[in-house]
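The entries below follow the order in which I checked things.

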Amino acid sequence: MTPIASADIVRTVSEQSTGSQALDADPITTEVIRQGLLSAARLLRQTIVRTAFSPAIYEALDFAAGLYDKNIRLLAEAPTLPIFMGTMSFCIEEALASVGGAEVLEEGDVILYNVPYGTGSHPQDTAVVMPVFYEGELIGYSAAKGHLTDIAGKEPYSTNTLDVFQEGTVYPGVRLYRRGVLVDDVYRFVIANSRTPVDVAGDLGAEVAGIRTAAKALCALVERHGLETFRVCVERMFDHGERVVRDYLSAIPNGRYVGHGVMDDNGVETDLVPFEVSVEVDGSDVRIDYSAAPPQQIGPINCPLPSTVSAARVAMAMLAGNGEPPNEGHFRPLEVLTRPGTLFHPIAPAPCFLYGWPADQSIEVIFGALASALPEAVPAHSGGDVCALVWWGKDAVTGETWTDGAAHPVGQGAFAHGDGVSANFHHSEAGAALPSTEVWEQKNPWIVEQLAFAPDSCGAGRTRGGLGLDIHFRLLEDCLVTSALERTRTAPWGLLGGKEGRPNDLIVTAPDGTSQHYGKITGLKIEAGSLVELRTGGGGGYGEPAERDVASIVRDYSLGFLTVEAIERDYPHAVSELETHITA
């Protein structure tokens, strides 16, 4: 990606095709190389999963990993968090700049980098970047970015930071390995700045093992086909990805489509934060314009440029990518406009801890904007959040700090041809996974009393939204939790007459029976014996509820997805058939 400043607007585009080399590439060899790259990326992912210490990595898959060519163009990604992958080119570019550029790199170097304005994330999402050499020539990069459990922020997870310095230790691009040898001073500094040093050491080691494994696989692929053949086929691979997206975009009527979103608050102040995103289509080119965003916020919902670009990439890839694993070519038709000093392009030292929350909302807003042009191609609003909870406390036996956290699934929005998927992760985290209750209960001081689909959480419609979850945690010890819930004050919208889904919510009931609702809150003290109820949102409906097939409504009742009360309210045309079913 190339940011180009014009007045006070920044334009970010992918490197465009020259169209010269790709003409000479054999299509069969190109596909073999493409599959080889995807295999190398999967090896990268699997190595990290198999060697990481934290459930956030090996269970929840809170990381991203991929391979890039020497021009920092995406060759292949590992299927983990989509919102991370669109940021990795920025991570590599900034990591290289921090050490003096590609020309100073040596074989075996590994750069550690986590500056939020370059990674697009909060500092915990720490990137490792490794140059890949073949016969002494730089041919690409192997890179990963994963969430480290704690890097000495004011809390392990925060919703109320006021500047980037409260959010964790900053690694401004330093060599963790030099020529393959661990730089001990840097390593000890990183581990010393953590409340959970064992987990951080293990997860960082897993990231390094992963990028080394992928680098070897990349070299083996080049060795098999030859460097020149490899490069020519990569150009053809990129050109194919570009054609796939352009074929889709050319069917969208030219025009400018505007979508509107709103954040519950900025984490510090209580006011709603509205914003707009416009989508401009011109032939097979699309421009996503964030430049009308409000000023950067005093609280940490600011979304740095890399994640803003990534959100636009995710939205376009899910609409136009034809289900293919993306490479750089898929993003050539896309241009992103931002304005420095705003919500979607903050300037240091603006706090960024909840960077992904407006990015997630903007994906939904992009879909909403395009609904007027392509109502059959976009879904209604999902539960709209990753519903993150992060817990920590002191181990009752060892006295050491423990911490754990996860995102949680929501209902997906309905679409023209089917119901929304129930209990799935937000589009931005489509590759994530929910940790098993067995792992949760073995590692943490709680019992999961309930994990179930939430009846009536889905928005009604001709096709209904997906259901959210009800998850109940019974605490066995005192601890603290940070809730980073969004979309608690505004419900997920439906399309073409479809009704809203259930908003997200967190309810904490103390041992004395008193209860309180929460959205964003940092370091909430939870007493042993308390019940913590997470209610994740449901997806919006699509089309008029009166048009829904009666048999589908009765089936939803039989499965426990809908109650009689909800059917009487939203689907009165099905009440008679439902009564017959109940009495049969």
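Entry 1, the cut-off. I count a salt bridge when a side-chain nitrogen of Lys or Arg lies within 4 Å of a carboxyl oxygen of Asp or Glu. I keep in mind that this is a predicted model. With that cut-off, Asp419 forms a salt bridge with Arg464, and their closest N and O atoms are 3.8 Å apart. I located Asp419 in the loop between strand 15 (401–406) and helix 11 (437–443) and Arg464 in the loop between strand 16 and strand 17 (469–475), so the pair links distant parts of the chain, 45 residues apart.

How many salt bridges does the structure hold? I found 32 salt bridges in the structure. One of the pairs I looked up is Glu235 with Arg73, whose closest N and O atoms are 2.6 Å apart.

The closest N and O atoms of the salt bridge between Arg231 and Glu137 are 2.8 Å apart. Are these two residues buried or partly exposed? Arg231 counts as partly exposed at 23% relative accessibility, and Glu137 is partly exposed as well, with a relative accessible area of 32%.

I also noted a network of salt bridges that links Arg11, Arg256, Glu280, Arg287 and Glu335.

I traced an open sheet of five strands, whose order is 16-17-22-19-20 and whose pairing is antiparallel. Strand 16 (446–453) and strand 20 (515–518) stand at the edges with a single partner strand each, so one side of each has no neighbour in the sheet. Direction ignored, neighbouring strands of this sheet are turned by 15 degrees against each other on average. As a reminder to myself, strands of a sheet pair through backbone hydrogen bonds, either parallel or antiparallel.

Entry 4, strand 19. I followed strand 19 (residues 505–509) to its partners, and five bridges join it to strand 22 (residues 531–535), with the two strands running antiparallel. Within this pairing, Leu534 in strand 22 is the bridge partner of Leu506. Four bridges join strand 19 to strand 20, again in antiparallel fashion, and Thr509 stands opposite Ser515 in strand 20. Strand 19 and strand 20 form a hairpin with five residues between them, and Gly513 in the turn has a positive phi of about 95 degrees.

Which way do the residues of strand 19 point? Asp505, Ile507 and Thr509 point one way, while Leu506 and Val508 point the other way, and all are buried. Since five of the five residues of strand 19 are buried, I wrote this strand down as largely enclosed by the rest of the structure.

Methods:
Residues numbered from 1 in each chain as written. Predicted model: local features only at pLDDT ≥ 70, side-chain atom pairs only at ≥ 80, totals over all residues. Heavy atoms only, no water. Pairing = 2+ DSSP bridges. Axes fitted to C-alpha atoms, helices over the stretch in contact; angles between N-to-C directions. Buried < 20%, exposed > 50% of the residue type's maximum accessible area, 1.4 Å probe, protein only.
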